[in-house]
Amino acid sequence: MKKIVLLALLAVSLTSFVGKPIAYYFVNSDKTIKMEFNLTSKKTPSYKVFFKDKLVINASDLGIIREDANFYTGLKIVNVSSPKPIKSTYSMLQGKRKKISYAANQYTVRLQNSTGEAMEIIFQLSHDGIALRYHFPETSTIIKKIVEEKTTYNFDTTTKAWLQPMSKAKTGWKETNPAYEEHYAMGVPVNTKPAIGEGWVYPALFHTNNTWLLVSEVGLPRNYCGSRLVYNDTSKAMQVTFPQKEEIFPNGALNPESTLPWFTPWRIITIGSLKTITESTMGTDLADPSIAMDTSFIKSGLSSWSWVLLKDESVNYETTVKFVDYASKMNWPYCLIDADWDTRIGYDKMKELAAYAKGKNVKLLVWYNSSGSWNSTEYHPKSKLLTHADRDREFTKLTDMGIAGIKVDFFGGDGQSMIGYYHDILTDAAAHKLMVNFHGATLPRGWQRTYPNLVSTEAVKGYEYITFFQDIADLAPSHCSMLPFARNVFDPMDFTPMVLDSIPNITRKTTPAFELALPVLFLSGVQHIAEIPEGMAKMPQYVVDYLKDIPTNWDDSKFIDGYPGKYIVMARKKDNVWHIVGINGENTIKEIEIDLSFVTNAKGFIISENEKGFQQNTVSKSTKLKVMMKPHGGFVVKI
């Protein structure tokens with residue numbers, strides 16, 4: 001009898017043990033970031049994230065639902081790998097850092113669904129964050145379609161968030177939305193619903209348990225759609241979600257579909273301090289390496305641009321000559337010619353302009369409308385890039401004329417077919433040695449590493465909006481102070497900054513010194529400057545001289561101080577010279593102290609401002625620099 005009782009107790013004990021999920025722990029090399037992985041009672045993959053032993057992401061679901069198979073519930077763990085060290089080094093032609101090293105511990109969890117099909121979840125934990133993606137390792141020539149991605153980020157309810165709303169497709173001027181051109185909700189509860197009702201775009205910034213986290217998507221291939229985040233009221237977590245039904249290339253796919261094997265994009269979570277966030281390179285670390293291409297034609301730098309302040313009527317031969325001369329005088333390598341150049345100037349005259357510009361050591365960039373039928377825009381050249389044959393024909397004309405690059409506008413969203421269109425333009429432009437700048441576009445998600453000819457992308461409520469609307473100009477100080485913590489952390493951003501003098505019919509809220517800081521603060525392979533020759537002519541010579549030598553490809557970047565939407569001070573290095581800039585997003589005086597011991601040179605200068613305007617003073621490495629930023633003001637240092 002005693003033996004029977006003991007066996008019964010053992011069975012209960014074993015049942016209890018079997019019923020409890022087995023947890024697996026993944027760590028980065030310095031053990032500051034830890035993940036706990038297991039299956040829930042529904043056999044759903046689940047993870048938690050700890051930073052320095054503090055819980056920063058609560059239990060969150062993972063999984064994929066395909067049209068033909070469920071990889072979300074009813075799964076079993078087949079194998080969990082030991083940590084595999086991942087190391088790589090690469091160079092960037094633009095951005096915050098030229099030479100980059102990446103190291104991570106990789107863990108692969110192999111799962112099997114109820115019908116025996118396999119899915120892997122690959123985790124990589126680096127010193128500054130976590131990356132994860134799904135892999136379907138089996139082979140099939142049959143097209144598989146993903147219906148829903150179940151990746152979630154379950155933050156504590158006390159978490160604050162800095163988020164940009166997704167726009168409603170087919171709304172806005174000439175139905176040109178979505179274009180990632182909304183103002184941020186700043187410091188809001190994590191469960192806040194966007195007024196537009198279409199979720200939140202990447203990168204999304206969160207603050208919880210005294211830790212900052214930046215969530216984004218990297219390495220978006222042509223066989224996946226762009227995604228965004230929506231707060232799921234049932235799971236009480238941010239969930240990855242797919243585009244609106246209108247976000248497609250005509251007759252193309254919306255949601256992900258592919259043959260097997262199949263890798264999804266990386267989901268990345270940068271974790272740590274604001275310094276960690278702003279200095280991180282995770283957005284290119286996890287991107288696909290560069291395609292095989294000649295990169296000798298790619299040169300970063302500043303560009304003159306008439307349209308932003310002078311609008312459509314400035315697109316003509318005479319004004320373009322004036323702006324070519326302006327670029328040449330400022331030692332800027334480019335001049336951008338905007339919409340309708342094909343009729344306002346014409347192809348033959350454009351060839352003359354390109355030859356004239358070459359004699360001034362300036363190259364021309366020209367605007368294109370990407371659109372086919374997905375909006376009602378009339379600006380042109382239009383519908384000339386829709387097929388490979390179209391692009392080959394048009395790009396051949398451009399290279400024959402001596403054009404250096406294209407600005408392509410008015411894309412239609414994040415559907416898989418539209419993402420494929422981006423890849424096609426970049427690939428064909430690379431073959432014709434043309435640089436590319438996307439406008440009215442999606443977030444690049446690391447494409448600038450894969451396609452080095454992608455020099456910039458708008459995907460921001462940029463300066464052109466400031467020139468149109470006073471209420472947007474009023475928000476410019478806080479908006480600009482937000483962008484280095486989210487939108488511009490990883491990807492180039494064509495904000496088209498800097499008006500030092502005046503904006504027609506608009507009262508600028510930022511001071512000239514605030515504006516002067518933007519071309520260094522914002523990262524863009526080609527920086528299109530909004531100021532026109534007449535405005536520049538009013539500036540002190542030392543300001544003009546400063547603007548003649550601003551790099552846009554940096555050897556290193558260093559976060560000094562700041563807070564999202566309030567202020568930021570960044571330092572960027574080129575060769576042995578450091579450029580340190582700051583802007584004040586608030587309407588109160590802000591005093592900053594900067595320890596210059598990290599710089600190389602002994603002396604340099606600061607351009608700031610007093611009640612009379614700009615002022616220049618000497619700065620020394622041996623002395624701590626104290627800077628007073630006026631309300632909505634700023635400063636620049638070169639040492």
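How many cavities of 30 Å³ or more does the count come to? In this predicted model, the count comes to 9 cavities of that volume or above.

## The largest pocket

The largest pocket holds about 750 Å³ of space, and of the 36 residues that line this pocket, Lys299, Ser300, Pro333, Tyr334 and Asn361 are the closest to its centre. Strand E21 (301–305), helix H5, helix H7 and strand E30 (577–584) each contribute at least two residues to the lining, and by class the lining of the largest pocket divides into 15 nonpolar, 11 polar and 10 charged residues.

## The second largest pocket

About 560 Å³ of space lies in the second largest pocket, which is lined by 24 residues, with Trp173, Thr176, Phe410, Glu464 and Tyr465 closest to the centre. The lining of the second largest pocket comprises 11 nonpolar, 5 polar and 8 charged residues.

## Packing of H5 against H7

Helices H5 and H7, which both supply residues to the lining of the largest pocket, also pack against each other: H5 (residues 317–329) and H7 (residues 347–359) meet at an angle of about 15 degrees, with their axes 10 Å apart. Because angles under 35 degrees count as roughly parallel, H5 and H7 are therefore roughly parallel to each other. The crossing of H5 past H7 is right-handed.

On the H5 side, the contact is made by Tyr317, Thr320, Val321, Val324 and Asp325, and on the H7 side by Lys349, Glu352, Leu353, Tyr356 and Ala357. By class, the contact of H5 with H7 contains 6 nonpolar, 1 polar and 3 charged residues.

## Packing of H7 against H8

Helix H7 also packs with helix H8 (residues 388–401), here at an angle of about 40 degrees and with the axes 9 Å apart, which makes H7 oblique to H8. In this contact Tyr347, Met350, Lys351 and Ala354 of H7 meet Glu394, Lys397, Asp400 and Met401 of H8. The residues of the contact of H7 with H8 divide into 4 nonpolar and 4 charged, with no polar residue among them.

## Packing of H8 against H9

Helix H8 in turn packs with helix H9 (residues 416–431) at an angle of about 35 degrees, and the axes of these two helices are 10 Å apart. The crossing of H8 and H9 is right-handed.

From H8, the residues His388, Arg391 and Phe395 take part in the contact, and they meet Tyr421, Asp424, Ile425, Asp428 and Ala429 of H9. Sorted by class, the contact of H8 with H9 has 4 nonpolar, 1 polar and 3 charged residues.

How values were computed:
Residues are numbered from 1 along each chain as its sequence is written. This is a predicted model: local features need pLDDT of at least 70, side-chain atom pairs count only at pLDDT 80 or more; totals for chains, interfaces and linings use all residues. Side-chain values use heavy atoms; hydrogens and water are left out. Axes are lines fitted to C-alpha atoms, for helices over the stretch in contact, and angles run from 0 to 180 degrees between N-to-C directions. Helices (H or I, at least four residues) and strands (E, at least two) are DSSP runs, numbered from the N terminus. Angles under 35 degrees count as roughly parallel, over 145 as roughly antiparallel, 65 to 115 as roughly perpendicular and the rest as oblique. A crossing is left-handed if the near helix is turned anticlockwise from the far one by less than a right angle, and right-handed if clockwise. Contact means heavy atoms within 4.5 Å. Ala, Val, Leu, Ile, Met, Phe, Trp, Tyr, Cys and Pro count as nonpolar, Asp, Glu, Lys and Arg as charged, and the others, Gly among them, as polar. On a 1 Å grid over the protein atoms alone, a cavity is a set of points where a 1.4 Å probe fits but cannot get out, and a pocket is an open set with protein on both sides within 12 Å along at least five of seven lines; lining residues have an atom within 4 Å of a point. Grid points are joined across faces, edges and corners, and a volume is the space filled by probe spheres set on the points.
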